[in-house]
Amino acid sequence: MKQKVSRRDFLKFFGLGTAGTALLGSATAVPAFANTAADKLPTFEMGPLKISKAKETASVCAFCGVGCGLIVYADEKGERVLHIEGDPDNPNNEGSMCSKGIALGDANTIVDKKRKRVVNDRRIMDVLYRAPGSNTWEKKDWEWALKEIAKRVKETRDATFEEKDENGVTVNRTQAICHIGSASCDNEENYLFQKMQRALGVINIDHHARL
Ligand code: SF4
């Protein structure tokens, strides 16, 4: 007669059998399928890894202040991230990553209507500029953008620089500019950003991960 085994019975029996095996060795009775299942595991032929031709780039996780190092595997054209993993050579994380960081590989993709993961075509890849008073964005190149940023920083600093505060204390600062750093930058880059901002007299310096 067939006996109906509930999920709870199964777990109880299997759990006791396994624990008994660990404590008493092979003399403990365990379900027959528990011994034979391992022998019957199917074998698989491994094809080439999907990252075998991928371009590897060392990077830093952008999600929090821990700054774990990671390796990004992109397709040959460099358009699509295929996989990421922790960088074993990075002393911050020595190859490990948390669940949030390991999902970074999907950051440039979306799930389309057919439930397929595809590259997110709404991702902004160009410099976009909206002039004061305008309601349209213009595409610009980086050379234009960097010159424009430098020009505006200089103008703003010159117009707002304070050598002394209202009590006559030397401050050499501007309060009209702020700088926000990025967890994608490493220690050395952040050190240089700090130096540059302090040299300009910027005192409002923050970071999206509060490093
Ligand atoms: S992997 Fe996790 S812990 Fe490491 S930087 Fe990214 S979010 Fe932070």
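1. Is Leu104 buried, exposed or partly exposed? Leu104 is partly exposed, because 18 other C-beta atoms lie within 10 Å. By definition a residue is buried with 20 or more other C-beta atoms within 10 Å of its own, exposed with 12 or fewer, and partly exposed in between, the C-beta atoms being placed from the backbone.

2. The structure is a predicted model, in which local features need pLDDT of at least 70 and side-chain atom pairs count only at pLDDT 80 or more, while totals for chains, interfaces and linings use all residues. Residues are numbered from 1 along each chain as its sequence is written.

3. Leu104 lies in the loop between α3 (99-102) and β4 (109-111). Helices (H or I, at least four residues) and strands (E, at least two) are DSSP runs, numbered from the N terminus. Not counting residues up to four places away in sequence, Leu104 touches Cys61, Phe63 and Ile84; contact requires C-beta atoms, placed from the backbone, within 7 Å. Between Leu104 and Phe63 there are 41 residues in sequence, yet 8.4 Å in space, C-alpha to C-alpha.

4. The residues around the ligand include Phe63, Cys61, Cys64, Cys68 and Cys98. Here, near means that the C-beta atom, placed from the backbone, lies within 6 Å of the molecule. The shell holds 7 nonpolar, 3 polar and 1 charged residues. In this classification Ala, Val, Leu, Ile, Met, Phe, Trp, Tyr, Cys and Pro are nonpolar, Asp, Glu, Lys and Arg charged, and the others, Gly among them, polar.

5. The largest nonpolar core has 8 residues, among them Cys61, Cys68, Ile84 and Met97. Such a core is a set of buried Ala, Val, Leu, Ile, Met, Phe, Trp, Tyr and Cys residues joined through C-beta atoms within 7 Å. In soluble globular proteins, nonpolar side chains tend to be buried together.

6. An open sheet is formed by 3 strands in the order β1-β2-β3, with antiparallel pairing. Strands β1 (55-60) and β3 (81-86) are at the edges with a single partner strand each, so one side of each has no neighbour in the sheet. Strand β2 (residues 69-74) is joined to β3 by 5 bridges, and Tyr73 stands opposite His83 in β3. Two strands pair if DSSP finds at least two bridges between them.

7. Ala145 belongs to helix α4 (residues 142-160). Ala145 is partly exposed, because 14 other C-beta atoms lie within 10 Å. Leaving aside neighbours within four places in sequence, Ala145 is in contact with Val127 and Lys140.

Methods. Two residues are in contact if their C-beta atoms, placed from the backbone, lie within 7 Å.
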